[in-house]
Amino acid sequence: MTQENSMQLQQGDCIGWLRGLPAASAQMIYADPPYNLSGAGHQTLRSGRPVKCDKGEWDKIDDLESFNDSWIRACLRVLHPNGTIWISGTLHNHPSVGQALKRQGLWLINDIVWCKRNAPPLFTCNRFVPSTELIWLAAKSKAYYFDYAEAKRRNGGKQMRNYWEINAQRHVTPHPTEKPEILLERMVAIGSRPGDLVLDPFMGSGTTGVAAKRMGRRFAGCEINPDYFRIARDRLANVPNLVAAE
């Protein structure tokens, strides 16, 4: 485990790690769980060429419903009563995540549509070009923290809608599902205050931590893949720490 005043990183399974964290300690949780795309006949692009989608063993889930119930339940124990949880997905796992949130009694605030205007074209002609990902936003009650003024400021003084047009960006690490820093910065800015703890149970290459540290939040993240964990750890070590030492 790597730990400093404002950051705690763990390599391993997130459920065991979450069970060891203090209850109600995280004001915001962002999760980018496995989409369960690998090994199911899906294709992706690599160097501009279509290849079989195989992101790794971590993306192959036998019982998606049970898996989502387990990690979400573990997250909710750590989530502050006034905190929010944000969960990315696609049509392959998004319905399962939504049902898990409802089964566990959460208040579903929004389903955010992230539109990638520069999504790569398809090499087949039998479907529409996938250009969106989905983000559930949920809370334990209606008394959750949401910085409406910040959302409005980031949207040019107008109410921010749940349709976000944000281009995909060139990855800064080898992680295959790395999210744009600008996307995470928007969520962290709206869902937390400076000094709050932002938690990511599927840390990947550490983008959530980058956004959290840059914006003066504390960060806790877990990553099961040792190679990606090392990438995240090294990447976060080079991000300025804006949280004053206690």
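In which strand is the place of Pro81? Pro81 lies in strand β6, which covers residues 79–89. The model discussed here is predicted.

- Apart from neighbours within four places in sequence, Pro81 is in contact with Ala24, Lys140 and Ser141.
- Pro81 and Ser141 stand 60 residues apart in sequence, while the distance between their C-alpha atoms is 7.3 Å.

**Helices α2 and α3**

- Helix α2 spans residues 64–78 and helix α3 spans residues 94–103; the two pack at an angle of about 50 degrees, and their axes are 9 Å apart.
- Because of this angle, α2 is oblique to α3.
- The crossing in which α2 passes α3 is right-handed.
- On the α2 side, the contact is formed by Leu64, Glu65, Asn68, Asp69 and Ile72. On the α3 side, Ser96, Val97, Ala100, Leu101 and Arg103 take part.
- Sorted by class, the residues in the contact of α2 with α3 are five nonpolar, two polar and three charged.

**His175 in its loop**

- His175 is located in the loop between β9 (163–165) and α5 (181–191).
- With a relative accessibility of 5%, His175 counts as buried, because the limit for that class is under 20%.
- The side chain of His175 reaches the backbone nitrogen of Thr177 at a distance of 3.1 Å.

- The buried residues of α5 are Glu181, Leu183, Leu184, Arg186, Met187, Val188, Ala189, Ile190 and Gly191.

**Helices α5 and α6**

- The axes of α5 and helix α6, which comprises residues 207–214, come within 9 Å and cross at roughly 55 degrees.
- The two helices α5 and α6 are therefore oblique to each other.
- The crossing of α5 and α6 is right-handed.
- From α5, the residues Glu181, Leu184, Glu185 and Val188 meet Thr207, Thr208, Val210, Ala211, Ala212 and Arg214 of α6.
- By class, the contact of α5 with α6 contains five nonpolar, two polar and three charged residues.

Note on methods. Residues numbered from 1 in each chain as written. Predicted model: local features only at pLDDT ≥ 70, side-chain atom pairs only at ≥ 80, totals over all residues. Heavy atoms only, no water. Axes fitted to C-alpha atoms, helices over the stretch in contact; angles between N-to-C directions. Helix = DSSP H or I, 4+ residues; strand = E, 2+ residues; numbered from the N terminus. Parallel < 35°, antiparallel > 145°, perpendicular 65-115°, else oblique. Left-handed = near helix turned anticlockwise from the far one by under 90°. Contact = heavy atoms within 4.5 Å. Nonpolar A, V, L, I, M, F, W, Y, C, P; charged D, E, K, R; others polar. Buried < 20%, exposed > 50% of the residue type's maximum accessible area, 1.4 Å probe, protein only. Polar contact = N/O pair within 3.5 Å; in protein donor to acceptor, adjacent residues only side chain to side chain.
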